[in-house]
Amino acid sequence: MHGSGSQVSAVLLGMSPLLVSLVIFVLTYAVIVTEKINRSIVALIGAGVMVLSGVLTQAEAFSGVDFNTIGLLTGMMIIVAITQKCGVFQYVAIWSAKKVEAKPWPLLVMLSVVTALFSAFLDNVTTVLLIVPVALLITDALKLSPYPYLFSIIFAANIGGTATLIGDPPNIMIGSAANLTFNDFLFNLAPIVAVIFALTLIPLYLKWGKSMHATEDDRAQIMAFNEHEAITDWRLLKQSLTVIVLVILGFVLAHPLKLEPATIAMFGAAVLLLLRALGKDGETQSHETHKTFAEVEWITIFFFIGLFIVVSGIEKAGALTWLANQIIQVTGGDHAATAMVILWVSAVLSAVVDNIPFVATMIPVIQNMGSVFGPEQLNTLWWSLALGACLGGNGTLVGASANLVVAGFAERAGHPIRFLPFMLMAFPLMVMSIAVSTVYLYLRYLMP
Amino acid sequence: MTIAALTLSPAQCISSDTSLLEVAQIMLSKHINHLPVCAGGGYLGIVDIGDILSGIIPTAAHGPHGLAHLKFAGDLHNLLISHVRAFATQKVAEVVNREAPPLDADCPLLEAMLMLSRYDMPLAVVDAQRQVTGMLSSRVLLGYLLQQAEK
């Protein structure tokens, strides 16, 4: 019975499902790009119209949603929402600044390393929200311009997030759709991410690092910081770190344990919520749990749900199979050429538009290429997509949410980051990172 | 009944291009926490002593997602002093609260009470030409009402 709904509506419309789904898809994406209406609302409207127009039944729409991605994102958001309250991230940032005696260039490197590491395991936006205030305080005290630090934090967040399954939403989506594990991402992407990170620091040193200077007096202020005072709740710190370590261990062992990442993240989140609730009365438990759930980025979650449905609409109508065939025709079915097209197109598009809808669309396209390429060859295409979509976000100020969050902080601090000056420095660096990725992909996976 | 029945505090409207250093010195010398700010011959807003202090606090602790506390940073003496010195070049227009509405000289008491409670600071009273004629505080209003209640 459920299956007949789409046919009835399609007949009523009197149009081909392919045309209807493509119009809905293009309109949805066009409105998302204008940023006039909240992206989650647009995606949900697009999803609703896909069902109402008869392209999908409700059952098909629900089955199009990748709940592994949704569960993993939500679980990690809950864990981070609880953990950040204990001040551990500020502790690490201050500790690292003191380790390099608050010397300006080593400080920039250290804060970038810390950002990249956090970003590999946390959402990029959360990472910059935690690190940027500390960076602003330190640069203020050292009487240094915060701009180079904020620039490098943006780059570090986007580069670090590329390294793991959980570092950036596109990777979560790719991992879930392609059945790639945490370890797969770590072994295949982390090495090149480390190289790209190191190479990115060289131009930053030449542009800013050489001329940075802070007086002994000002550095002494930073050395007087007491990082232990940054920890606001030691009990919560122990609970959070224990759960995070176990969750990461769970990701590493997910394959032998036959567990999906969403199960691990959601169970970790539930355990942390339980630990927080123990020993508290019912009212306090409800209040704290309510507050934690309110910190989950529901806009992102519903954006994903809407997008999955919109994309499954055009997928069902056959548009993505057609697109996959077109790409293969253009590249002549050559594996290396296909990987390069995916890498570079992903990077350039992700620099100017949100990489999440792009990746949501590309996933079924690459899956459709399974008829031409073997599983190993398909994996290379997944790595191309991940590298292009994640690193591409560094190209412009609007390339990633983390960039805009940092820009907001910079504006409030009286050091606004302008679109064009940022792009003039950032775009060539992003192109460099994609060029390095090209060499890496070729040498590791494509060389005959 | 309107606020015309109340005895307003005298107010000196300062120009929007007055430096923050001068504003701070006026507040300290006159033992006041608020000053009306004027521009183009009319009322612009109110500057609060808290706005001046906010300018000394590092921006890292301002706004949403700013640092929740600064206990770990000690007193940051050099930084605070450098921020105070910067007051000499900063204009009051940069920190003035433009949301605080002026009250008309014939504003009803109830409306004045609502505005004082909503903005939680003394408000400027202006004449028909938007010239500031005085400041009305919750203290003056409450004192008047208590007097009326005792009659």
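Student: How are α2(A) and α3(A) oriented to each other, roughly parallel or roughly antiparallel?
Tutor: Bear in mind that this is a predicted model. Helix α2 (residues 17–34) of chain A and helix α3 (residues 39–52) of chain A pack at about 170°, with their axes 9 Å apart. Angles over 145 degrees count as roughly antiparallel. So the two helices, α2(A) and α3(A), come out roughly antiparallel.

Student: Which residues of α3(A) make that contact?
Tutor: On the α2(A) side you'll find Ser21(A), Ile24(A), Thr28(A), Val31(A) and Ile32(A). By class, the contact of α2(A) with α3(A) has seven nonpolar, three polar and one charged residues. The α3(A) side consists of Arg39(A), Val42(A), Ala43(A), Gly46(A), Val49(A) and Met50(A).

Student: Zooming out, how many helices does chain A have?
Tutor: Don't go looking for strands in chain A, as the count there is zero. The helix count is 23.

Student: What is the radius of gyration of chain A?
Tutor: The C-alpha trace of chain A spans about 75 × 60 × 45 Å along its principal axes. A compact globule of 448 residues would have a radius of gyration near 22 Å, and the value for chain A agrees with that. That value is 23 Å.

Student: What share of chain A is buried?
Tutor: Of the contacts in chain A between residues at least 6 apart in sequence, 81% join residues at least 24 apart. As for burial, the share of the 448 residues is 50%.

Student: And how many residues of chain A are in contact with chain B?
Tutor: Chain B brings 16 residues to the interface. By class, those are seven nonpolar, eight polar and one charged. On chain A, the number is 20.

Conventions
Residues numbered from 1 in each chain as written. Chains lettered and ligands numbered in written order. Predicted model: local features only at pLDDT ≥ 70, side-chain atom pairs only at ≥ 80, totals over all residues. Helix = DSSP H or I, 4+ residues; strand = E, 2+ residues; numbered from the N terminus. Rg over C-alpha atoms; globule rule 2.2 N^0.38 Å. Buried ≥ 20, exposed ≤ 12 C-beta atoms within 10 Å, placed from the backbone. Contact = placed C-beta atoms within 7 Å. Nonpolar A, V, L, I, M, F, W, Y, C, P; charged D, E, K, R; others polar. Axes fitted to C-alpha atoms, helices over the stretch in contact; angles between N-to-C directions. Parallel < 35°, antiparallel > 145°, perpendicular 65-115°, else oblique.
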